[in-house]
Amino acid sequence: MTNLVRIDASARPHTSSHSKQLADFFQQQWLEKHPGGQVIQHDLVELELEHINEDFINAMYTAKEERTLKQEQTLELSTHFVEELKNADTLLISTPMYNFSVPSYLKTYIDLITRKGETFRYGEHGHEGLLDVPQTVVIMASGGDYTPPNDAENFVTPYLKTMLKYNGIDAVTTIEAFGMSLGEEKRQQSLDNAEKAIQDLLA
């Protein structure tokens, strides 16, 4: 079975979130291409993820065979997320831009799935990412326009690309819908362009 893992990071509901609406469109197109495919969807706001803490870090850096039951329980959700990604054929991340960067919910998810020995390791040749997801797509919506010369203020897609690559996911397609707060014409043009990019990607 073909698996799509979808991660939504907007604090807004679907009715008012452009990034979630574009992710809905992607999911619809993806299912048409993969009839019978399985979608695993996480709305990070609804999950109310806890930030990693000292207990999590200590458990992560303890060898699996030496972990206590409490340490395994501390890593349980993280391990579940990692297993989803190991079995994913497509990873879809939809996110808004908050204050030039990713929402804290998405940062927490990235922290939870960045696991030494599971998604990356250090060997004699240095760092090596371990995840291998055939297709990864990041959909980002923002109120402002962060095309050049304002692209240096966009810390969302560069951060996500860096962290995904760190964990082994090198090929990342980004679809950016800029200008959601710059008037109806600009907003609709950006949304149309994003939908066209999704259609072309999944054609």
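User: How many aromatic pairs does the structure hold?
Analyst: This is a predicted model. Rings of Phe, Tyr and Trp pair if their centres lie within 6.5 Å. The number of aromatic pairs in the structure is 5.

User: Is the ring pair of Phe100 and Tyr146 stacked or edge-to-face?
Analyst: The ring centres of Phe100 and Tyr146 are 6.2 Å apart. Planes over 60 degrees apart count as edge-to-face. The planes of Phe100 and Tyr146 stand at 90 degrees, so the pair is edge-to-face.

User: How many residues apart in sequence are the parts that Phe100 and Tyr146 tie together?
Analyst: Phe100 sits in the loop between β3 and α6. Tyr146 belongs to the loop between β6 and α7. The pair therefore ties together parts whose separation in sequence is 46 residues.

User: Which residue is buried and which is partly exposed, Phe100 or Tyr146?
Analyst: Buried means under 20% relative accessible area, and exposed means over 50%. Phe100 has 38% relative accessibility, so Phe100 counts as partly exposed. Tyr146 has a relative accessible area of 14%, so the buried residue is Tyr146.

User: What kind of pair do the rings of Tyr146 and Phe178 form?
Analyst: Their ring centres are 6.2 Å apart. Their planes are at 65 degrees, so the pair is edge-to-face.

User: Where does Phe178 lie?
Analyst: Tyr146 is in the loop between β6 and α7, and its pair with Phe178 ties together parts 32 residues apart in sequence. Phe178 itself is buried, at 8% relative accessibility. Its place is the loop between β7 (172-177) and α8 (184-202).

User: Which residues do ring pairs link into a cluster?
Analyst: Phe100 pairs with Tyr146. Tyr146 also pairs with Phe178. The linked residues are Phe100, Tyr146 and Phe178.

User: Are the axes of α5 and α6 roughly parallel or roughly perpendicular?
Analyst: The two axes come within 8 Å and cross at roughly 85 degrees. Angles of 65 to 115 degrees count as roughly perpendicular. So α5 and α6 are roughly perpendicular.

User: How many nonpolar residues does the contact of α5 with α6 have?
Analyst: From α5 come Ser78, Phe81, Val82 and Leu85. They meet Tyr109, Leu112 and Ile113 in α6. This contact has 1 polar residue and no charged ones, and its nonpolar count is 6.

User: Which residues of helix α6 are buried?
Analyst: Helix α6 spans residues 104-113. What covers its buried residues includes β1 (3-8), α2 (44-47), α3 (54-60), α5 (76-86), β3 (90-96) and α7 (156-166). The buried residues are Leu106, Thr108, Tyr109, Ile110, Leu112 and Ile113.

User: How many residues does the largest nonpolar core have?
Analyst: Those with the most contacts inside this core are Ile7, Leu91, Ile93, Leu106, Tyr109 and Leu160. β1, α3, α5, β3, α6, β6 (135-141) and α7 each supply at least two of its residues. Apart from it lies another core, of 17 residues, including Leu22 and Met180. The residue count of the largest nonpolar core is 35.

User: Which residues is Tyr109 in contact with, leaving aside its neighbours within four places in sequence?
Analyst: Tyr109 is among the buried residues of α6. Beyond those neighbours, the contacts of Tyr109 are Ile7, Leu44, Leu49, Phe81 and Leu85.

User: What distance separates the C-alpha atoms of Thr90 and Val133?
Analyst: Thr90 lies in strand β3. With 3% relative accessibility, Thr90 is buried. Not counting residues up to four places away in sequence, Thr90 touches Asn3, Leu4, Val5, Phe26, Trp30, Val133 and Gln135. Thr90 and Val133 are 43 residues apart along the chain, and their C-alpha atoms are separated by 6.4 Å.

User: Is Asn99 buried or exposed?
Analyst: Asn99 lies in the loop between β3 and α6. Asn99 has a positive phi of about 50 degrees, although it is not a glycine. Its relative accessibility is 75%, so Asn99 counts as exposed.

User: Where does Pro149 lie?
Analyst: The peptide bond from Pro148 to Pro149 is cis, with omega near 10 degrees. The place of Pro149 is the loop between β6 and α7.

Notes. Residues numbered from 1 in each chain as written. Predicted model: local features only at pLDDT ≥ 70, side-chain atom pairs only at ≥ 80, totals over all residues. Heavy atoms only, no water. Buried < 20%, exposed > 50% of the residue type's maximum accessible area, 1.4 Å probe, protein only. Helix = DSSP H or I, 4+ residues; strand = E, 2+ residues; numbered from the N terminus. Contact = heavy atoms within 4.5 Å. Core = buried A, V, L, I, M, F, W, Y, C linked by side-chain atoms within 4.5 Å. Axes fitted to C-alpha atoms, helices over the stretch in contact; angles between N-to-C directions. Parallel < 35°, antiparallel > 145°, perpendicular 65-115°, else oblique. Nonpolar A, V, L, I, M, F, W, Y, C, P; charged D, E, K, R; others polar. Phe/Tyr/Trp six-rings, centres within 6.5 Å; stacked < 30°, edge-to-face > 60°.
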